Amino acid sequence: MPDLSYAAEVLTEGFYGDSNIATKWWEKIQTQMNLESNLPSTMGIGNVSPLLTKSSEKSVIQGHDMWVACQSDTGKVIGFCELDNREPRKHEKEKANMDNSMIVRPYMCNLSVQTDYRKMGIAQNMILQCEQRVTDWYDTSENSTMNPKLYLKVKESNVPAIKLYQKLGYEVVAHETVKNQQDNTLLLVMKREWNNTISRQQTEEKEESSSSSSIPSDELSLQQWNGPTI
């Protein structure tokens with residue numbers, strides 16, 4: 001399994017790259033500690049107890065994945081992504097109430113690719129993997145006829161990321177303002193909902209459309225922590 005410190009470095013570079021050295025050092029420590037405390041402890045689809053969603057009152061399999069994109073020959077971590085469909089925890093609910101923010105599930109977060117490897121299709125491949133994972137959760141739920149859906153949050157200023165999400169079919173469903181010590185950060189809450197059959201067809205088309213800018217598949221491995229190599 002890749003070293004957590006490398007994943008923390010990718011995330012810190014992606015989200016705090018413009019910060020000073022001291023801030024980046026502190027954020028990397030905090031990020032690594034958060035990854036360690038949040039590391040999925042089971043293989044496969046995760047906790048199989050139902051998660052009841054208020055909107056549908058239907059149960060969907062709980063799950064929590066961390067995905068890393070690595071160089072096949074060296075194992076170097078060059079990308080990271082997290083997928084969360086667990087019951088919201090107490091501290092998460094308290095923070096949401098304080099920030100007046102939404103708790104969304106299933107939720108894709110902490111998507112970041114090392115600077116030198118961007119615009120090579122890595123982020124898109126990780127998103128597609130998350131979508132397939134969500135489809136699997138819905139397929140194995142008590143109500144497999146429900147359309148899978150996936151949420152994410154992105155800074156309003158992150159235009160390249162927003163364009164990628166829109167290209168993949170995500171739409172803005174809400175806006176949030178997160179207050180911090182420096183300033184207020186504006187976030188877009190985006191969502192994609194799809195039909196299982198259509199999703200698989202679209203996935204193949206998206207993979208073909210991104211192949212020209214992707215690094216060769218034999219040079220990259222997408223791994224699920226505590227799970228099989230993809």
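Me: How do strand E3 and E9 pair, and over how many bridges?
Reply: E3 (residues 64–71) and E9 pair in the antiparallel sense, over five bridges. Two strands pair if DSSP finds at least two bridges between them. Helices (H or I, at least four residues) and strands (E, at least two) are DSSP runs, numbered from the N terminus.

Me: What kind of model is this?
Reply: It is a predicted model, where local features need pLDDT of at least 70, side-chain atom pairs count only at pLDDT 80 or more, and totals for chains, interfaces and linings use all residues. Residues are numbered from 1 along each chain as its sequence is written, and side-chain values use heavy atoms, with hydrogens and water left out.

Me: Back to E9. Which residue stands opposite Leu220?
Reply: Gln71 does.

Me: Is E9 buried or exposed?
Reply: E9 (residues 220–224) is mostly covered, with five of its five residues buried. Buried means under 20% relative accessible area, exposed over 50%, and partly exposed in between (1.4 Å probe, protein chains only).

Me: Which residues sit on which side of E9?
Reply: Leu220, Leu222 and Gln224 are on one side. Ser221 and Gln223 are on the other. Both faces are covered. In a regular strand the side chains alternate between the two faces of the sheet.

Me: What is the strand order in the sheet?
Reply: The order is E7-E8-E6-E5-E4-E3-E9. Those seven strands form an open sheet with mixed pairing. Strand E7 (171–179) and E9 each have a single partner strand, so one side of each is left without a neighbour in the sheet. Neighbouring strands are turned by 25° against each other on average, direction ignored.

Me: What packs on that sheet?
Reply: Helix H4 (residues 122–139) does. H4 touches E3, E4, E5, E6, strand E8 (184–193) and E9. The direction of H4 makes about 150° with that of E3. Axes are lines fitted to C-alpha atoms, for helices over the stretch in contact, and angles run from 0 to 180 degrees between N-to-C directions.

Me: Now E5. How many of its residues are buried?
Reply: Six of the seven residues of E5 (residues 107–113) are buried, so E5 is largely enclosed by the rest of the structure.

Me: How does E5 run against E4?
Reply: E4 (residues 77–84) and E5 run antiparallel, joined by five bridges. Asp84 has Tyr107 as its bridge partner. Gly79 has Val113.

Me: And what about E5 with E6?
Reply: E5 and E6 (residues 149–155) pair in the parallel sense over two bridges. Tyr107 has Tyr151 in E6 as bridge partner.

Me: New topic. Where is Phe15, and what does Phe15 touch?
Reply: Phe15 is in helix H1. Not counting residues up to four places away in sequence, Phe15 touches Asn110, Leu111, Ser112 and Lys155. Contact means heavy atoms within 4.5 Å. Phe15 is partly exposed, with a relative accessible area of 39%.

Me: How many residues apart along the chain are Phe15 and Asn110?
Reply: They are 95 residues apart along the chain, with C-alpha atoms separated by 8.8 Å.

Me: At what angle do H1 and H2 cross?
Reply: The axes of H1 (residues 4–16) and H2 (residues 21–38) cross at roughly 130° and come within 8 Å.

Me: Which residues meet there?
Reply: Leu4, Leu11 and Tyr16 are among those in H1. Lys24, Thr31 and Leu35 are among those in H2.

Me: Last one. How much of the chain is buried?
Reply: Of its 230 residues, 45% count as buried. The chain has six helices and nine strands.
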